[in-house]
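Please look at the chain below before reading on.

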Amino acid sequence: MATQLEHGGSQFLCQGFQEELSRWNRQRLAPTFPAQATAEQFTRDRNMLRLEHAFIKELRAHVIDEAAKAPTTPDAFVDWFEDLKATGPGQHDRLFPWLADQADRDELRWFLSQEAAGEAGFDDLVALTQVKLPARAKLELARNYWDEMGRGNPKGMHGPMLNQLVDILDLDTQIEHTVWESLALANAMTAMATSRSYAWHSVGALGVIELTAPDRSAHTAKGLRRIGLSGSERRYFDLHAVLDIKHSWDWNDEAIRPLVEEDPRRATAMAEGALIRLHCGARCFERYRAYLGLE
């Protein structure tokens, strides 16, 4: 495994590790057959799980003090959580107004390639997270998932909408052509959703996506409109600019609030998950700006 250090001496925040973790996640989450469950695969899975755990432990170390300041009563925690939209890491980054108003087609294509390659699949993350959650929160995640699934209409499924944009713009989503910051974001989200030790973290991380995505989606949609994409072609971003506002309200009221009412410790875990997601996003925006010459 590559040991190139790219971020503060970390063995995890680097291209080699994030590429390997991405390939493993792609492999382990793909439907397969019993013949693939070999001794060699079990050994690889065990080793990668240990590395994944160490990766998330490092990300937690970056946010644990900040998350400990979050309130642990329901109303106060929801207020703190919603304030992340204004004050959280990476919010209102100057990258997005630039994408909306100035980026050319190739610059938008590069940005979207990075975003699409680092997309962990919100629908699958929700499905993985909801396992054995308390009923009220589980129902909210189910409603959210049903929206992601187009409410049963294949043309309304969010994942294929993004895939359509990948095809229209001929985006390059190969792992080896994706910056480690984008891979790390997807890998962190996958790690939290697939480990029950981080289930509450995943609820917070998914919730903060719904909270913060609308503004970024609106700017991206504006940029796509400016370079000539039709409404149907940019539908993924137009939809998320509007729908995620309601999703965020419902997530906070029907998932986060009752979970904290039942057990205040969950507030701290959800705060950690939200901050991990936001810090990963902020690293992406910084890397994107550097590549695109916005520093």
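The largest nonpolar core has 81 residues, and those with the most contacts inside it are F55, F77, F81, L84, L95 and I256. A nonpolar core here is a set of buried Ala, Val, Leu, Ile, Met, Phe, Trp, Tyr and Cys residues joined through side-chain atoms within 4.5 Å. Helix α12, which covers residues 265-292, gives the most to this core, with twelve residues. In soluble globular proteins, nonpolar side chains tend to be buried together.

The model is predicted, so local features need pLDDT of at least 70 and side-chain atom pairs count only at pLDDT 80 or more, while totals for chains, interfaces and linings use all residues. Residues are numbered from 1 along each chain as its sequence is written, and side-chain values use heavy atoms, with hydrogens and water left out.

The chain has twelve helices and zero strands, where helices (H or I, at least four residues) and strands (E, at least two) are DSSP runs numbered from the N terminus. With 295 residues, a compact globule would have a radius of gyration near 19 Å, and the chain agrees because its own value is 19 Å; this radius is taken over C-alpha atoms, and the globule rule is 2.2 Å times the number of residues to the power 0.38. Of the 295 residues, 51% count as buried, a word that means under 20% relative accessible area, whereas exposed means over 50% and partly exposed lies in between (1.4 Å probe, protein chains only).

E119 lies in the loop between α5 (105-117) and α6 (122-129), and at 35% relative accessibility it counts as partly exposed. S182 lies in helix α9 (residues 180-194) and is buried, with a relative accessible area of 3%. Leaving aside neighbours within four places in sequence, E119 is in contact with L162 and Y236, while S182 touches Q114, G118, C284 and Y288.

The table lists C-alpha to C-alpha distances for these two residues.

| Pair | Separation in sequence | Distance in space |
|---|---|---|
| E119 and L183 | 64 residues | 8.4 Å |

Terms used:
Contact means heavy atoms within 4.5 Å.
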